Amino acid sequence: MPVVVDSDERRTAVVSAAAELIVEGGLNAVTFRNIAARLGFSTTVISHYFRDKTDVLRATYQHVVAEAVMHREQVLAGQNASPVRVLEEVLPVADTQRRIWTVWLCFWTAALFDKTLLEEHRRGLAGTRERLRRHFLAEGEPAERAERAAEDLAQAIFGIAVQALFDPAYWSPERQRAAYRRAAVRIAALPHTAG
């Protein structure tokens, strides 16, 4: 009797292995051979589910984004957290978030040269800004101010996270959270005039 293989499980295993390889060696570490060796499969198994490396990378990017969302939801389960508070949980303050940011940073560089990855990245950034913008609108901010505050807060989170990846000794979890909270307070306190 042939072994029944769950296609979704197999695809998830491949993209999880690809994410691990990216954390260990960047995008160049992702090859069918390396993924197959990591999982104990043949490369034929990988090619059954993915056309090429680009297909694996796209699926890995989407998987890591979904993982980040799931992690954030688990951390904040039961809380009525604002998008400003939710975004704080994205900071690379623990191994899970650091791994996600490492993969994201590798993809950001690749996105400069791959239109599909670039579009995925743009959608992700736009989604973050839009969630923040809607939050600020709901808080009673005028549209222009809400948009500017969303942009500023997104800049803060990305700036802190990237610095923390490159200098984790300086950017402890406490320092990251404190810097983010200071930025959020400053942004909330900005005058309502255009600028």
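Does tryptophan 108 count as buried or exposed, and at what relative accessibility? At 18% relative accessibility, tryptophan 108 counts as buried, where buried means under 20% relative accessible area, exposed over 50% and partly exposed in between (1.4 Å probe, protein chains only). This is a predicted model: local features need pLDDT of at least 70, side-chain atom pairs count only at pLDDT 80 or more, and totals for chains, interfaces and linings use all residues. Residues are numbered from 1 along each chain as its sequence is written, and side-chain values use heavy atoms, with hydrogens and water left out.

**Fold and confidence**

- The protein chain has nine helices and zero strands; helices (H or I, at least four residues) and strands (E, at least two) are DSSP runs, numbered from the N terminus.
- Its C-alpha trace spans about 65 × 40 × 35 Å along the principal axes.
- Buried residues make up 41% of the 195 residues.
- Mean pLDDT (the predictor's confidence in each residue, from 0 to 100) is 88 for the protein chain, and 94% of its residues reach 70 or more.
- Confidence is lowest in helix α5 (residues 83-88), at a mean of 80, and highest in helix α2 (residues 32-39), at 96.

**Aromatic pairs**

- The count comes to six aromatic pairs; rings of Phe, Tyr and Trp (its six-membered ring) pair if their centres lie within 6.5 Å, and planes under 30 degrees apart count as stacked, over 60 as edge-to-face and the rest as tilted.
- The rings of tryptophan 101 and phenylalanine 158 have centres 5.8 Å apart and planes at 70 degrees, so this pair is edge-to-face.
- That pair links distant parts of the chain: tryptophan 101 sits in helix α6 and phenylalanine 158 in helix α8 (residues 143-166), 57 residues apart.
- Tryptophan 101 is buried, at a relative accessible area of 1%.
- Tryptophan 108 also pairs edge-to-face with phenylalanine 158, at 5.6 Å centre to centre and 85 degrees between the planes.
- Here too helix α6 is linked to helix α8, with tryptophan 108 and phenylalanine 158 50 residues apart.
- Ring pairs join Trp101, Trp104, Trp108 and Phe158 into a cluster.

**Charges over rings**

- Arginine 10 lies over the face of phenylalanine 41, at 4.4 Å from the ring centre; a charge sits over a ring if NZ of Lys or CZ of Arg is within 6 Å of the ring centre and within 35 degrees of the ring normal.
- Arginine 175 lies over the face of tyrosine 170, at 4.0 Å from the ring centre.

**Cavity**

- The whole structure holds one cavity of 30 Å³ or more. On a 1 Å grid over the protein atoms alone, a cavity is a set of points where a 1.4 Å probe fits but cannot get out, and a pocket is an open set with protein on both sides within 12 Å along at least five of seven lines; lining residues have an atom within 4 Å of a point.
- The largest cavity has about 60 Å³ of space.
- Its lining includes Trp101 and Trp104.
- Helix α6 supplies the largest share of that lining, four residues.

- About 460 Å³ of space lies in the largest pocket.
- Of its 23 lining residues, the closest to the centre are Arg72, Trp104, Gly124, Thr128 and Arg131.
- Helix α7 gives the most to this lining, with nine residues.

Terms used:
Points joined across faces, edges and corners; volume = space filled by probe spheres on them.
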